[in-house]
Amino acid sequence: MKSLVGFLLMFMLLSGSAFAASDIAVINTREALAKCNTGAQIVAQIQLKFKKRSDAVADLNKEVAKLQQDAQAPKAKDAVKRRFQEKLQELRAKTQQLRQEISREENERFQPLVNRLNVILLDYAKEKKLTGIQDRGQFIYVAPEADITEEIIKRLNAKP
């Protein structure tokens, strides 16, 4: 009985891995979106749009780091410690606000490209007779031949 159960388990594992190897592909969606020509342009535009504010947050971060050193000095006055806490709160708020605005901008600007990517993936799956395409981030290991990221980037660049 144990050998029959072992055989059935082995058969299911082998047939499952054969299924996965031949009918499923993976893509690094983030990489495909960021590396295709349109995606790279979007990233550059977003970075340019938020550059001044990103630089201001970076400068504030340096100021907070300096204030932290001053506040940790053995003879630091309460005013220095208070100023450090105020600037730290300001840094956190500005960083959070900037991240949220960048995220909104990315979502808005990338949506048409994501829609195009979905059409390309559907066409690719039909063409290759795949039963599924999964994001690469869900796997610990993927055989290189199963990763279609570079092929999809080429197709994104080929379609206007």
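How many nonpolar, polar and charged residues does the lining of the largest pocket have?

## Largest pocket

The lining has 8 nonpolar, 4 polar and 2 charged residues; Ala, Val, Leu, Ile, Met, Phe, Trp, Tyr, Cys and Pro count as nonpolar, Asp, Glu, Lys and Arg as charged, and the others, Gly among them, as polar. This is a predicted model, in which local features need pLDDT of at least 70 and side-chain atom pairs pLDDT 80 or more, while totals for chains, interfaces and linings use all residues. Residues are numbered from 1 along each chain as its sequence is written, and side-chain values use heavy atoms, with hydrogens and water left out.

A pocket here is an open set of points on a 1 Å grid over the protein atoms alone, where a 1.4 Å probe fits, with protein on both sides within 12 Å along at least five of seven lines; lining residues have an atom within 4 Å of a point. α5 (78-128) gives the most to the lining of the largest pocket, 7 residues. Helices are DSSP runs of H or I of at least four residues, and strands are runs of E of at least two, numbered from the N terminus.

## Helix α4

In α4, Val57, Leu60, Val64, Leu67 and Ala71 are buried (under 20% relative accessible area, with a 1.4 Å probe and protein chains only). Seen down the helix axis, these buried residues fall within an arc of 80°, taken from the directions from the axis to the C-beta atoms, so they line one face of α4. Lys62 and Gln69, on the other side, are exposed (over 50%).

## Lysine 129

Lysine 129 lies in the loop between α5 and β2 (132-135). Although not a glycine, lysine 129 has a positive phi of about 55°.
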